[in-house]
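Here are my notes for you to go through with the model open beside them. Take the points in order and find each residue as you read.

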Amino acid sequence: MLFPEIDVRLERVDFTADVLVVVAVACGPAPRCPGCRARARRIHSSYERGLAERPLTGKRLRVGLRVWRFFCDRASCRRLTFVERVSGLSERYRRSSLGLTKWLHAVAVEFGGRPGEGLCRKTHLAAGRSRLLELLESPPVPERAPRVLGVDEFAFRKGCTYGTVLVNVEAGQVVDVLPDRTSETCADWLRDRSGVEVICRDRSSAYTRAVKAAAQHALEVGSLAPASEPGRRGGEDLPPAPRLPA
């Protein structure tokens, strides 16, 4: 039940009021060296890895996984020893199981950092907001920019660090996130990609300069001002936003 179709042998289970500790030993076939792919023949030593797992019966679950270190006997290989990996359970440099990593990734996608951290605390998942955010992967950046591009500032850390988020308005998908909100960075991105016909942008002067420098052919659509003060934002006189063609 704990390790379905995984090559480990359960040794014992220890428990306290809050935590279950499961001790298991890897018992799969001899692994191959990751450098030369030669099959291992000699055991060097063993050690125990601590892995956080998905909670069980309302308690945090921790796996003490004993794995083996092997010699690589091929003279041409640069590796002298290597540690086996348990397929379906562990991965290199991680202190959580593959199953828990998938759960945390789903939480990060749905809730983000701080709200996801609160959910993890309530469901006995050991993960902070930094851990959740590092699991998020950057979306693939297309070679050709979308026809209707949304440009707005993005807070990496509110009040401290800001970037620029670029959105495919028609598809409702994030295209890319730039590391800052300067006109130079935004203009470089626009120069490298063609096909933008309409740009829905924040009314920041930096984005105005970026569009003028790299995408003069595109129709600009500024953010709409409140209905009570048309054409004004933050005490500054602004021209009304042009309408999109029907």
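1. Let's start with D14, which is partly exposed at a relative accessible area of 34%. (Buried means under 20% relative accessible area, exposed over 50%, and partly exposed in between, using a 1.4 Å probe and protein chains only.) Its partner is R12: the two side chains meet in a salt bridge, 3.1 Å from N to O. R12 counts as partly exposed too, at 48% relative accessibility. A salt bridge here is a side-chain nitrogen of Lys or Arg within 4 Å of a carboxyl oxygen of Asp or Glu. By that rule the count comes to twelve.

2. Before you go on, a word on what you're looking at. This is a predicted model, where local features need pLDDT of at least 70, side-chain atom pairs count only at pLDDT 80 or more, and totals for chains, interfaces and linings use all residues. Residues are numbered from 1 along each chain as its sequence is written, and side-chain values use heavy atoms, with hydrogens and water left out.

3. Now have a look at R147. Which residues does R147 meet in salt bridges? One is E170, with the closest N and O atoms 2.6 Å apart. That pair links distant parts of the chain, 23 residues apart: E170 is in the loop between β7 and β8, and R147 is in the loop between α3 (129–134) and β6. (Helices, H or I with at least four residues, and strands, E with at least two, are DSSP runs numbered from the N terminus.) The other is E197, at 3.4 Å from N to O. E197 sits in the loop between α4 (183–191) and β9 (198–201), so this pair ties together parts that are 50 residues apart in sequence. As for exposure, E170 is exposed at 51%, while R147 is partly exposed at 37%.

4. Strand β7 (residues 161–168) pairs with β8 in the antiparallel sense over five bridges; two strands pair if DSSP finds at least two bridges between them. N168 stands opposite Q173 in β8. Four residues lie between the strands, and G172 takes a positive phi near 65°.
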